[in-house]
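Reader: I am new to protein models and would like to learn how to read one. Could you take me through some features, step by step?

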Amino acid sequence: LILIQQLFRKQRGRLPPGPSGLPFMGNVLDMPSVTEWLTFAEWGAKWGGICSVTLLGQPIVILNSVSAMEEMDTKGAAFSTRPRLPMAGELVGYDQTLVLLPYGPKFRIFRRSFAKLIGTPAVLGQFIPAVENETHLFLKRLLLNPNAEAISAHLRRLTGAIILRITYGIDVQEEQESFVTLIEKANDNFNAATAPGAFLVDVFPAMLHIPEILAPWKRTARIWARATKNMVEAPYLFAAGTAPISFVSRLLENEEKLSEEDIHDVKYTASSLYGGGADTTAASLYAFFLAMVLFPDVQRKAQEEIDSIIGGARLPQSTDREQLPYVAAVVTELLRWHSVAPLGVPHAALEDAILNDHLIPKGSIIIANLWNMLHDAQTYPDPASFRPERYLTTPKQRDPRTICFGFGRRICPGRELAEASVFLCVATTLATFDIERAAGPLPVHENLQGTISHPKPFDCVVKPRSERAVELIGEV
Ligand code: HEM
């Protein structure tokens, strides 16, 4: 079958170039299992902005250049579905949340809800007080426990609480911490279930029919599926009906007119918000602390800007963004410097398409190597350096926000919220704390494995900038 498929393909056109594979197996042996973005970048240097490999007859197209990604953008819906990933999808249940939902009517309903409620700064405005409130609580926690080991947990709690507030109107008091834990667990499962090559069933979907007794991974899937279900149902049950203004309460307006299927869609759209929003933003903010340790001059300049514009009168707010161009550029550079999703989320081709004279057959998996695009030395000279000036002095370098959120109809629908949350946390932290290098060797910036990639843990010293800073945190 693979042979016949390949013969047909030869008649229709040629796949993009790439490493030559073995008969039948294709490039199974060439595929990296760690830091894939680095190997893919090497292939890009050798084969160009669009290259491809084949795994047991399955074409995988890798985009290494922004121009290739933009070219795909022009093809409308042609590359807008997701590949079938039986482990994370059918078995663990993520194919019902937006991130793995196939392109189609349901996808459009989910995206419309996102656009209506958090898609633009104007509509997002209704939720900004909640983001500010949670950010103040984060500062208090950081003041109480500024240890380096606690920072990542503080950030996860911050981003988890922001999303729970916005999505369900849930105020994360101590007794509701369980929601944060529940959803963190489900996010960890998503990362493990979508790890490339981790589950053979993703390559051979027929394995879905093997009974569980012979397939221990099915037991894992069952446990993870329970966690997904809990993530969807528990906060919804808690919040439905009683919540103040929230994503869910807005979607449930005119509830009496909603069918069972509509309610199902509300639940799963809401959990998509959580699945996509909490871990990504936490990873980005953790990288901010690392960047400040490694680039103290940037920290000093940003603090000088905040001091000169706001002084010690109050904490920075969302509305200060225009007056704080250097801090805003720190946020932009953060989104470039640390790739939260180094390989984005894979797309799949809905139909045969021709791209730059290459055939992209229906069903091809498309991987955008966002890490490479954001670290391309032509676009961003000295890409490992954290330099907000890139976007302030002419000639300005390309805005990385046109890259880091993915592309086409699957572009991240939470990008406005992501930027607003990151800006507030960065600006208020810089206003009140100094982040410094700890004794010992300088930490190194490394992306950990995962669809959502956190920086490798590092040591640092965080302390309040002044007595006034402590007072400011106490006052909010
Ligand atoms: C620093 C923060 C963030 C980054 C870097 C980021 C990046 C991305 C990327 C690269 C994708 C894949 C796009 C594609 O397939 O081409 C994505 C998808 C998605 N993001 Fe984000 N994201 C962030 C924050 C958020 C937030 C705050 C939310 C929700 C409130 C969110 C919700 C989603 C969802 C639901 C999807 C799936 C969209 C779909 O499949 O149609 N993200 N994000």
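This is a predicted model: local features need pLDDT of at least 70, side-chain atom pairs count only at pLDDT 80 or more; totals for chains, interfaces and linings use all residues.

Reader: Let us start with the ligand. Which residues come nearest to the ligand?

Author: The shell around the ligand holds 25 residues, and those that come nearest are Gly-276, Gly-277, Gly-406, Cys-412 and Gly-414. Sorted by class, the shell has 14 nonpolar, 10 polar and 1 charged residues.

Reader: Which helix gives the most to that shell?

Author: Helix 12 does, with 7 residues. Helix 12 spans 260-294, and helix 16, at 415-432, also supplies at least two residues of the shell.

Reader: You mentioned Cys-412. Is Cys-412 buried or exposed?

Author: To decide, count the C-beta atoms around the residue: 20 or more others within 10 Å make a residue buried. Cys-412 has 22 such neighbours, so Cys-412 counts as buried. Cys-412 sits in the loop between helix 15 and helix 16. Setting aside neighbours within four places in sequence, Cys-412 is in contact with Phe-405 and Gly-406. The UniProt record, an unreviewed entry, places the feature "binding site" at Cys-412.

Reader: Now the helix pair. How do helix 8 and helix 9 cross?

Author: An angle from 65 to 115 degrees counts as roughly perpendicular. The axes of helix 8 (residues 148-168) and helix 9 (residues 177-193) come within 10 Å and cross at roughly 100 degrees. These two helices are therefore roughly perpendicular to each other. Where they meet, helix 8 brings Arg-156, Arg-157, Gly-160, Ala-161 and Leu-164, while helix 9 brings Phe-179, Val-180, Ile-183 and Glu-184. By class, this contact has 5 nonpolar, 1 polar and 3 charged residues.

Reader: Which peptide bond is cis?

Author: The bond from Thr-394 to Pro-395 is cis, with omega near -5 degrees. Pro-395 lies in the loop between helix 15 and helix 16.

Notes:
Residues are numbered from 1 along each chain as its sequence is written. A residue is near a molecule or strand if its C-beta atom, placed from the backbone, lies within 6 Å of it. Helices (H or I, at least four residues) and strands (E, at least two) are DSSP runs, numbered from the N terminus. Ala, Val, Leu, Ile, Met, Phe, Trp, Tyr, Cys and Pro count as nonpolar, Asp, Glu, Lys and Arg as charged, and the others, Gly among them, as polar. Axes are lines fitted to C-alpha atoms, for helices over the stretch in contact, and angles run from 0 to 180 degrees between N-to-C directions. Angles under 35 degrees count as roughly parallel, over 145 as roughly antiparallel, 65 to 115 as roughly perpendicular and the rest as oblique. Two residues are in contact if their C-beta atoms, placed from the backbone, lie within 7 Å. UniProt positions are given in the numbering used here, feature names are shortened, and annotations may be inferred rather than shown by experiment. A residue is buried if 20 or more other C-beta atoms lie within 10 Å of its own, exposed if 12 or fewer, and partly exposed in between; C-beta atoms are placed from the backbone.
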